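Student: Please take me through one part of this model closely. Start with the ligand, then move to the sheet.

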Amino acid sequence: MEYADLLIENHGKVVVIRLNRPKAMNALNDNMMNELGDALRSFDADKGVNVIVLTGSDKAFAAGADIAAMANYTYTADTYPGNYIGRNWEHILDIRKPVVGVVSGYCLGGGCELAMMCDFLIAADNAKFGQPEIKVGVTPGAGGTQRLPRAISKSKAMDMLLTTRMIDAAEAERTGLVSRVYPADSVMEEAIKVAQSIAEMPVSVAMQIKDCVNQAYQVPLNEGVRYERRYFHAGFGTPAQKEGMSAFLEKRKPNFEGM
Ligand code: CAA
């Protein structure tokens, strides 16, 4: 597949989608977000892909929504009736396979919001996260005020949102925004190894776990536990459970191909 604003790399059952507008620090515009939705949907449906990695360049995951593109937007002509952001930014939330975000450099505004829509984040030690929207006179528009406090606490989130202070990779790891940090020159290699280790697991169970974890943000605890248990019980009717438990008892590596 060829895209104007994305690069695609295949690594076995892992596919890497790279945001690619280097001259604009990967500022997120309509074309890029349309292409991203298209790529994500097609890999989600591709039986040869188990895990999707979303990343940017060494300098920037993305420096936010494209300010040049939206500077002259008006409420009546563009944003509310045109459903700006809603129209093409959140396709990632419908993707059922695991999506690992890999962040190097700036990850700001809409870039940070897009990163937070990934299932988990791996950062390079040069990563910088921020929500500087207030400085361009708007609130965040893709979930920054909602996902950031859930990820790193209200106090840290308010600090970042109100002062525009950026946090570095170490602080992002300490506060739980990212799960792992690697040196910038090896982060992609390490992240692909992480993604490949997930790709060796049964993809159907990975999808179920993702679905269950996302339920934790939507429903009360008892309903979430009941939701999880239905998958657990149903698991005993699947080849993945037969293979996984037999392999353990036979002291061999499981082969979850096609499961
Ligand atoms: N939109 C459009 N273009 C952007 C951009 C953005 N968000 N961020 C950077 N660029 C462009 C710059 O305009 C510049 O282009 P030119 O070379 O044509 O002038 C190029 O990328 C390089 O940027 P800088 O020269 O500014 O590079 P720097 O190293 O000095 O600074 C930066 C880097 C700190 C990321 C700085 O560019 C910056 O602060 N960018 C804006 C960050 C921002 O405010 N993001 C929030 C946007 S609003 C939003 O995202 C809304 C939402 O919630 C959905």
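Tutor: A residue is near a molecule or strand if its C-beta atom, placed from the backbone, lies within 6 Å of it. This is a predicted model: local features need pLDDT of at least 70, side-chain atom pairs count only at pLDDT 80 or more, and totals for chains, interfaces and linings use all residues. Numbering starts from 1 along each chain, as its sequence is written.

Around the ligand there are 23 residues, and Ala 27, Ala 63, Gly 64, Gly 109 and Gly 110 come nearest. Elements giving two or more residues to this shell are α2 (67–70), β6 (106–108) and α4 (110–116). Helices (H or I, at least four residues) and strands (E, at least two) are DSSP runs, numbered from the N terminus. By type, the shell has 14 nonpolar, five polar and four charged residues. Here Ala, Val, Leu, Ile, Met, Phe, Trp, Tyr, Cys and Pro are nonpolar, Asp, Glu, Lys and Arg charged, and the others, Gly among them, polar.

Now the sheet. Six strands make an open, mixed sheet, ordered β1-β2-β3-β5-β7-β10. Strands pair if DSSP finds at least two bridges between them. β1 (6–11) and β10 (180–182) are the edges, each pairing on one side only. From one strand to the next, the twist averages 20°. Angles run from 0 to 180 degrees between N-to-C directions, with axes fitted to C-alpha atoms, for helices over the stretch in contact.

β1 and β2 (residues 14–19) run antiparallel, joined by six bridges. His 11 has Val 14 in β2 as its bridge partner.
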